[in-house]
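Visitor: Can we walk through this one together? Start with the words I need.

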Amino acid sequence: MAEKHGNLSINSDNLFPIIKKWLYSDHDIFFRELISNGCDAITKLKKLEMMGEYTLPADYKPEIHVVVNPEEKTLKFIDNGLGMTADEVEEYINQIAFSGATDFIEKYKDKANDDQIIGHFGLGFYSAFMVADQVTIDTLSYKDGATAVHWSCDGGTEFNMADGNKEGVGTEITLFLNEDAVEFSNEYRAREVIEKYCSFMPTPIFLEKANAETEYETIDAADKLDTDTVVETIHEEAKTEEKENENGEKEVVEVSPAKDKLKIVKRPVPLNDINPLWAKNPNECTDEEYKAFYRKVFLDYKEPLFWIHLNMDYPFNLKGILYFPKINTEYDSIEGTIKLYNNQVFIADNIKEVIPEFLMLLKGVIDCPDLPLNVSRSALQNDGFVKKISEYITKKVADKLIGMCKTDKENYEKYWDDISPFIKFGCLKDTKFCDKMNDYILFKNLDDKYLTLPELLVKEEEKKEDEKKDEAEVLDADGNPIKSENADAANENAEEKDERKVIYYVTDKLQQGQYIKMFKEQNMDAVILDHNIDTSFISQLEQRNEHYKFMRIDADVTESLKDETSAEDLRAETDTLTDVFKKALNNDKLTVKVEKLKNADIASVITLSEEGRRMQDMMKMYAMNGMGGMDPNMFAADQTLTLNANNELVKYIFEHKDSEHVPMFCEQLYDLAMLSNQPLSVDAMAKFVQRSNQIMMLLAK
């Protein structure tokens, strides 16, 4: 071929600056593009053989070699794929944006599928100019009689193309790195980038250092391969040790027989795994393989709780593995990693359009060859298709969790505390996921038993039935039912009464210990909801279902904890104690109630309305997230001090309201009630400690 000089067929002289600056956000991405081009070339060559259009040599091994040369500041990418003729270099290289892979698929679409053709764009090769001042190509086509081609370009719009001297079929691309990219000619930096982008590409990738000293290893003679280069044969004599036999006599025993070993040139080890675990059938994978893959990919040596193997061929091709990691921190500090691949080529971490938001908290890999990627493979283009992928992943996760709850409840319960943030966040973000998971969300009760929502509601219904039996009508001497004093009033207000079933919950077992004790004494139950996400989660559950509501255990003093009595019976105590406590606490807005609690040892209880508390929690959350503008205390929950008329100290205050020490007792009872509900402020705690000392001094006198 005569030497040729010409201009690249492009529309603008500014294309190279655009490629260098805007096409790819990460400059190290050129490793991925050039290596994947080599994989494509090898895949095409193997397909041509399958179709009978080419015969591979008997000893053919598909390989890609990356050669770093820090002295010369160069990088070489060498593949033994199908190579290019001069016409193909003209078409695929000189005419920028013409995709060789697309052309190949179009030509052979009736003869072979395109599952393993990685490249869909013609600009991948030009990513080399982001880091190189000059790029050369030496290539030889597989076609009979083909002539090798040498091509070079310095990053401008001019190229040189002439006959080359490459002997083997394939392509060798050399990058003469610019000063800003010299780091990529370092062996360790190159290894880092290749492992980042190419760990699972379908062709073995080898990294070499130019002019490096030959390395050797020693193997047993029996393990020799035909491809090994033997440098030396080493004979090892048998090894013996003196040991004591059964008779107590010492004798020499052979512990290692004599054998021959071979010193060979160190075998090259590929940097990538060409058969990743996700590409295998789930039935072929062991638990240990799943765990080993997790450790290797995510460098996390805490064992995952469990995993979901995705394997779908229709209506789109998707494979992957999602791991549920063990979580030791609060929900809002969890960070997961979902690695996205396209035909085993790494694309990105956590592309949000593909992965449902709540699954971003998981760790895993997803490989979808059908992804509609943009020219730089860094973003997605088809919203409808991507949404279907996201919905499929969500469905598979829900199916796995539901299956575990139904068939492996013991392990499901064991995992629940760790996986509940994922599930609850998923329910908040995805209504379809919430619909599927609604009956399989677990709630841990005060006895550390796990119950589903239906089980909780059935238990509540059974409790109400028992209460109805206990409240069966009592007949007078004439056989007429005796009604309680409040029966008529209750009937009048029946229409206004909230008939929803109440599920009580605890946010802090230690802080709310007094309330828990009261509940347990009356055989009442509550569930533990101590995660940051729980307030939003239960609000959503209530909005979706009108038959139940959640109430914190300290939101009210329930009827089950009180002796039956009327407000009129306690009118005098209520009026007197309200005045005494408001005056002692200097708080006219304080709501005071007097009830006869069944536990006479409890003097006072603080309750905060459920609605007010949730509003306050929401405002605090907005403030923490920097969404200020309003004072969280504007929505302070309505506080009620409930005094126990059955308690001796409360009786004493009522009967000795003008006593010198009554104000101090009122303050102490209020603070004690607050301590059982929430921590005191710094000033309030200081006063409480001082007052406690005063009370003890009174007792000492």
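Guide: Buried means under 20% relative accessible area, exposed means over 50%, and partly exposed is in between (1.4 Å probe, protein chains only). This is a predicted model: local features need pLDDT of at least 70, side-chain atom pairs count only at pLDDT 80 or more, and totals for chains, interfaces and linings use all residues. Residues are numbered from 1 along each chain as its sequence is written, and side-chain values use heavy atoms, without hydrogens or water.

Visitor: Are F30 and F77 buried or exposed?

Guide: Both F30 and F77 are buried.

Visitor: What about F31?

Guide: F31 is buried too, as is F77. F31 and F77 also form an edge-to-face aromatic pair, with 5.6 Å between centres and 70° between planes. Rings of Phe, Tyr and Trp (its six-membered ring) pair if their centres lie within 6.5 Å; planes under 30 degrees apart are stacked, over 60 edge-to-face, the rest tilted.

Visitor: Why does the pair of F31 and F77 tie together parts 46 residues apart in sequence?

Guide: Because F31 lies in helix 2 and F77 in strand 3. Helices (H or I, at least four residues) and strands (E, at least two) are DSSP runs, numbered from the N terminus.

Visitor: How many aromatic pairs are there?

Guide: The structure holds 32. In F30 and F77, the ring centres are 6.3 Å apart and the planes at 85°, so that pair is edge-to-face.

Visitor: Which residues do ring pairs link into a cluster?

Guide: Y197, F200, W278, F293, Y341 and F346.

Visitor: New topic. How many helices and strands?

Guide: The chain has 18 helices and 28 strands.

Visitor: And how much counts as buried?

Guide: 47% of the chain's 701 residues.
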